[in-house]
Structures are given as structure tokens and as C-alpha cells.
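Colleague: Could you take me through this model, one feature at a time? I'd like to learn how to read each one.

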Amino acid sequence: MTALEVQGLDKSFGGLRVTSRVNFSVEPGERRLIIGPNGAGKTTLFNLITGELRPDRGAIRLFERDITRIASRRRAHLGLARTYQIITLFPRETLLRNVVLSLLGLSQLRWNPLRRLDRQTVLIDGARAALDRVGLGHLADRPLAQTAYGERRRVEIAMALAQNPKVLLLDEPFAGLSIDERRDVQELLAAIPREVTIVMIEHDMDVALDFAERITVLHFGEVVVEGTRAEVVAHPRTREIYLGE
Amino acid sequence: MKRLALLLGLVILATVPFWIGNSYYTNIAAQILLYATFALGLNVLVGYAGLVSLGHAGLFGIAAYAGALLINAGAGHFIAILGALGVTLVAAAAFAVLSLRGTGLGFVMITVALGQIVWGVAYRWISITNGDNGLSIATRPAPFGLSLNLAPGFYWASLVVFLVTLGAMAVFAASPFGASLRGTRDQPRRMNALGYNVWLIRFLAFLFSGLWSGVAGMLFLYYNQFVSPQVVALTSSAEVLLMVISGGTGTLLGPIAGAALVVIMKNVASAYIERWNFVLGAIFVAIVIFMPEGLVPGSVRFWRWASGKLRRREPRAAAAIPPVSQPKERV
């Protein structure tokens with residue numbers, strides 16, 4: 001049983017091959033780190049997995065189920081959630097409403113034009129719990145536009161966690177954070193139970209290496225090295241490509 | 001307090017024919033209500049979905065033409081209204097399928113083209129639409145035996161329709177579906193990743209918007225007892241869009257304020273100023289410069305700013321006292 005499997009994935013934009021015969025599989029409960037220099041195709045890989053992009057070739061399986069041709073929005077219902085490297089939230093709404101929208105996405109209520117959203121206590125309590133989980137419960141009713149960047153990063157994570165995903169894709173969750181904020185997010189990620197499989201893209205090697213059990217190195221859209229932390233760090237190709245030695 | 005204001009507003013609206021006392025102005029009030037209904041319908045797309053339609057007069061006109069054709073074919077008013085709204089919904093679905101292929105400017109251009117097609121049909125398909133001469137209907141309906149032939153009766157009927165529209169908008173805006181729609185306006189990509197069907201949400205919003213535009217179109221038909229290609233011209237679409245934008249998109253009261261502004265300028269100011277269009281243009285420019293978010297949200301902002309300034313002045317006056325008393329303590 002694999003939680004997430006990618007097989008022979010190809011994607012080109014015109015003449016530029018951004019993903020080239022990518023294979024990897026992630027075990028249930030695993031913490032996987034994907035690293036690689038800028039332009040290695042990491043975010044593109046995430047976009048292919050979530051279905052925001054269509055692969056030219058290859059297959060994607062979520063718990064052995066082929067999701068390659070399933071619409072992106074359906075994949076959320078199958079237990080796949082992601083965060084964005086560039087913060088993608090609802091700036092006019094409060095933090096609570098942001099997370100409520102996340103929960104509503106998986107609820108049949110989202111089609112209901114007659115009830116009042118602010119009276120849906122199940123959704124609202126769930127959203128409060130998700131905000132508490134990332135330490136933002138006290139800011140629940142503040143408009144997103146009045147929060148700090150570090151707080152928004154945590155809202156991103158709260159929205160993904162609120163959906164109770166089986167597989168969580170984190171796209172640079174530490175990007176742009178201060179050292180203190182990094183530690184907070186690090187603790188937050190460490191507290192996520194093992195029922196959730198996590199695949200993370202990250203540049204910050206210090207925090208990222210601690211987090212992951214296995215590491216995949218991408219370079220020009222290809223998987224160059226894959227293995228345990230020690231194997232990958234010691235591998236000459238990693239040093240050549242990523243650490244610039 | 002809020003309920004009291006609401007009640008007061010209702011009483012004022014319901015008694016308009018009594019205190020205006022003049023059928024000319026009562027008719028203008030009815031026109032405001034019918035355009036407010038239209039603007040509220042368009043606001044679903046422009047305000048809540050973030051999709052600017054410049055072809056909504058097409059839907060408005062399709063309802064009016066369909067209603068006129070049904071009535072002239074001998075249908076009763078009830079059947080004609082239902083039929084016209086049904087035709088409008090079908091047309092809105094066709095508009096939506098074609099225009100939702102794009103967003104932003106692409107969406108605007110497709111709606112312009114669709115509106116122009118409706119105009120071309122109204123103008124050229126003379127055997128059905130009577131071309132430039134338009135279609136007339138002989139009677140207004142008489143719901144529950146109440147005549148709508150005089151200005152006050154028609155005003156009250158318009159008021160009922162308007163209030164139903166406003167109520168529907170208030171419920172819609174506060175609903176989970178309303179929140180879903182606003183989400184697709186702000187972050188369509190995120191909404192998709194969260195599990196929402198962005199296209200279908202926009203499609204349903206288009207139908208909802210089209211339905212109320214159709215309701216307004218039927219009010220227009222009964223108000224004038226006449227419909228001509230001018231109703232579906234691009235300028236009509238632009239006019240209702242300006243109502244929504246000048247009043248404030250994505251708010252309940254904005255489109256109403258915008259409708260009142262345009263209708264009053266058109267009917268009242270034109271009696272005094274020959275170039276009333278020029279004045280209306282100047283007002284729009286002023287709104288864009290000083291209240292780019294629209295009249296209603298702009299006024300709210302101004303009110304908060306002004307009242308905040310007043311309130312801040314009081315504590316400052318109070319704070320001025322202690323330094324005076326402090327030296328006394330030292331002594």
C-alpha cells in the first residue's frame with residue numbers, strides 16, 4: 001500500500017520539459033521532502049499531483065487509486081490537500097471565514113443558497129478548532145488583511161489541516177518566515193498525527209532535513225537522487241547540484 | 001436600532017404615493033424600483049462573482065419581448081410572466097455557457113457580443129419583433145383583482161417585487177452558496193483546490209442573476225406597456241452596469257442607490273438641464289475619484305472617518321486636563 005505514487009510523469013511547456021519521467025512513491029504516514037534548485041520543477045510536480053496541471057504522460061495514484069484523470073476539485077474530496085508557496089487566501093474575509101470556506105468545500109452545504117452560513121455551528125466550531133491547532137484561535141475574527149505574513153502562513157496550514165486530509169502537500173511552508181516563526185511552524189508540523197502523509201517542498205535545509213525521513217532531489221524536472229536523509233546528504237550528485245560543491 | 005431603521009424605511013417606501021402625491025413622481029419612484037431590481041440582479045455577477053457583464057440588457061429585453069409576444073398571442077398574465085421568466089432562464093443558461101469560457105476582459109467581450117446579437121435580432125427580425133416600431137401590450141395585470149393601471153397601484157406592485165428581490169439577495173448573500181460564490185471571485189484557484197466546482201458555481205450565479213434581470217424586464221414591460229430594440233441596446237447594458245458600480249458592487253444597498261441616482265438624473269435633472277448626460281458623467285467621475293468603491297460603501301467609510309474624528313477629539317480634550325492638575329499635586 002502506498003499513500004501517493006507518481007509513475008513516469010512527463011510535462012512540457014512548449015519546448016521546455018519541466019517534469020521528466022518522474023517516479024516516486026510515498027508510504028502512508030511518511031514525511032517526504034522534495035528539494036532541488038530553483039526551476040527544478042518542484043511546484044509543477046505539486047500542480048500535477050493536485051490536478052491543476054494535466055500531465056502529458058504518466059500516472060498518479062492516491063492510495064492505489066488512479067487519479068490521473070480525476071478533476072482537481074474531486075481530489076480534495078478524496079483526501080488530498082495542499083498549501084501554496086505564494087499565499088493564496090481570501091483577503092477580504094476573517095481568518096475564521098477563511099477556514100470555514102475550507103471546511104465548506106467538502107460539505108454538501110456549499111450548494112445551499114437558503115441557510116445562513118454564520119449559523120452553521122458545526123463548520124464554525126471545526127474552523128475554530130483548526131485555528132486553535134495552529135495557535136491563531138485568538139485572532140479568529142480578525143480580517144485576514146490585518147494579519148502578519150507569518151500568521152498567514154499558518155492560516156494556509158490551518159486551511160489544509162481543517163479538511164482532514166490523508167495526504168498533505170506543503171509547498172515551502174517556511175518561506176519568508178523569521179527564525180522564531182520557523183520554529184513555531186516546525187512544532188506545528190511535528191504535531192500532525194501520522195494518519196496524515198506529508199510531502200513537503202522546502203529550501204530551508206536546517207528545518208526541512210529534521211522533518212523528513214526520505215528525501216527526493218529534483219533537478220531539471222528529473223529525480224536525481226532519492227533515499228534517506230543520510231544517503232541523500234552524502235550523495236555526490238546532491239552536493240554537486242543542490243549544495244553547489 | 002437596525003430593525004427600527006428597517007421598519008422606518010419600509011413605512012417610507014410604502015407611503016411614497018401619499019406624500020409625493022403626484023403621479024409623475026410616483027411613476028419615477030416605480031422606475032427606480034424596477035431598475036433597482038435589475039441592478040440587484042446584475043450585482044450577483046458583478047459584485048459577488050466578480051464577472052462584469054455588459055450584455056444584461058439582452059436578458060432584460062428577452063424577458064420583456066417574450067412577455068409581450070405571449071400576451072399578444074393571447075396568454076394570460078400569469079402564464080406570460082412564467083413563460084417569459086422560463087425563456088429568460090434558458091437564454092441566461094446559453095449566455096453563461098458561452099461567456100464563462102472566459103473571465104475578466106474575455107467575459108466582458110463575450111457578454112457584449114451576446115447582447116448585441118439580441119439587439120440585432122430585436123431590430124432585424126421584423127416579423128416577430130416588429131423591428132424598430134417595437135411591441136405594445138394592451139393591459140397590465142390585475143393581481144387579486146387590484147388594478148395596476150394608475151401610478152400608485154403600479155408603484156405598490158413594483159415595491160412588492162422589489163422587496164422580494166431584496167429579500168432573496170439578502171438570504172443569498174448570507175448563505176453558504178453566497179460565500180462559495182464570493183470565494184470564486186477572490187481565489188478561483190484555491191476554491192478549486194478546496195473541492196469547489198468553480199464553473200458550476202458561476203453558472204448557477206449567472207442563472208440567478210438572469211432570473212432577476214428577467215423579473216425586472218417584465219416590470220419594465222408592464223410599466224411602459226411597450227418594448228423596443230432600444231431596451232436591449234448596449235447603452236442599456238452600460239447604464240445598469242454603471243448603476244451597480246456607482247452605488248457599490250457586492251453590497252445590498254449599492255445597486256439601489258445607483259439605480260436611484262441614474263433614474264433621477266435621467267428624469268428629473270433632464271427637465272432642467274438639456275445636457276443631463278453631461279451632469280451624470282461628471283457625477284460618475286466624481287464618484288470614481290472620491291469614492292471608488294461606490295456611493296454606499298464610500299459614504300459608510302466617510303461616516304466612520306467623520307465620527308471617528310469627532311470621538312477622538314473628546315478624549316484629547318479630557319487628556320488636556322491632567323497636566324494642568326499635576327503641578328498642583330506637586331505643590
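Modeller: Let's start with Phe220(A), which sits in the loop between strand S9 (214-219) and strand S10 (222-228) of chain A. Helices (H or I, at least four residues) and strands (E, at least two) are DSSP runs, numbered from the N terminus. Some bookkeeping: residues are numbered from 1 along each chain as its sequence is written, with chains lettered from A and ligands numbered from 1 in the order in which they are written. This is a predicted model, where local features need pLDDT of at least 70 and side-chain atom pairs count only at pLDDT 80 or more, while totals for chains, interfaces and linings use all residues.

Colleague: What phi does Phe220(A) have?

Modeller: A positive one, about 45 degrees, and Phe220(A) is not a glycine. For exposure, count other C-beta atoms, placed from the backbone, within 10 Å: 20 or more is buried, 12 or fewer exposed, and in between partly exposed. Phe220(A) has 16, so it comes out partly exposed.

Colleague: And where is Asn130(B) found?

Modeller: Asn130(B) is in the loop between helix H7 (126-129) and strand S1 (135-136) of chain B. Asn130(B) isn't a glycine either, yet has a positive phi of about 65 degrees. Its 19 C-beta neighbours inside 10 Å make it partly exposed.

Colleague: How many helices and strands does chain B come to?

Modeller: 16 helices and two strands. Along the principal axes, the C-alpha atoms of chain B fill a box of roughly 100 × 55 × 40 Å, and 45% of its 331 residues count as buried. For contacts, the test is C-beta atoms, placed from the backbone, within 7 Å. Among the contacts in chain B with a separation of 6 or more, 73% join residues 24 or more positions apart.

Colleague: What should the 27 residues of helix H11 of chain B span?

Modeller: The expected span is 1.5 Å times one less than the number of residues. For H11(B), residues 198-224, that gives 39 Å, and the end C-alpha atoms are 39 Å apart, which agrees. H11(B) is mostly covered, with 21 of its 27 residues buried. Next along is Gln225(B), with a positive phi near 50 degrees.

Colleague: At what angle do the axes of H3(A) and H5(A) cross?

Modeller: Axes are lines fitted to C-alpha atoms, for helices over the stretch in contact, and angles run from 0 to 180 degrees between N-to-C directions. H3(A), residues 95-104, and H5(A) come within 8 Å and cross at roughly 30 degrees. That makes them roughly parallel (angles under 35 degrees). Leu95(A), Asn98(A), Val99(A), Ser102(A) and Leu103(A) of H3(A) meet Val155(A), Ala158(A), Met159(A) and Ala162(A) of H5(A). By class that is seven nonpolar, two polar and no charged residues. Here Ala, Val, Leu, Ile, Met, Phe, Trp, Tyr, Cys and Pro are nonpolar, Asp, Glu, Lys and Arg charged, and the others, Gly among them, polar.

Colleague: Is Tyr149(A) buried or exposed?

Modeller: Exposed, because Tyr149(A) has 12 C-beta neighbours inside 10 Å. Tyr149(A) lies in H5(A), residues 149-162.

Colleague: Last one: how many residues does the contact take from chain B and from chain A?

Modeller: 20 from chain B and 27 from chain A. On the side of chain B that touches chain A, helices H8 (151-174), H9 (176-186) and H10 (188-193) each supply at least two residues. H9(B) gives the most, with seven. By class, that side of chain B has nine nonpolar, eight polar and three charged residues.

Notes: Contact = placed C-beta atoms within 7 Å. Parallel < 35°, antiparallel > 145°, perpendicular 65-115°, else oblique.
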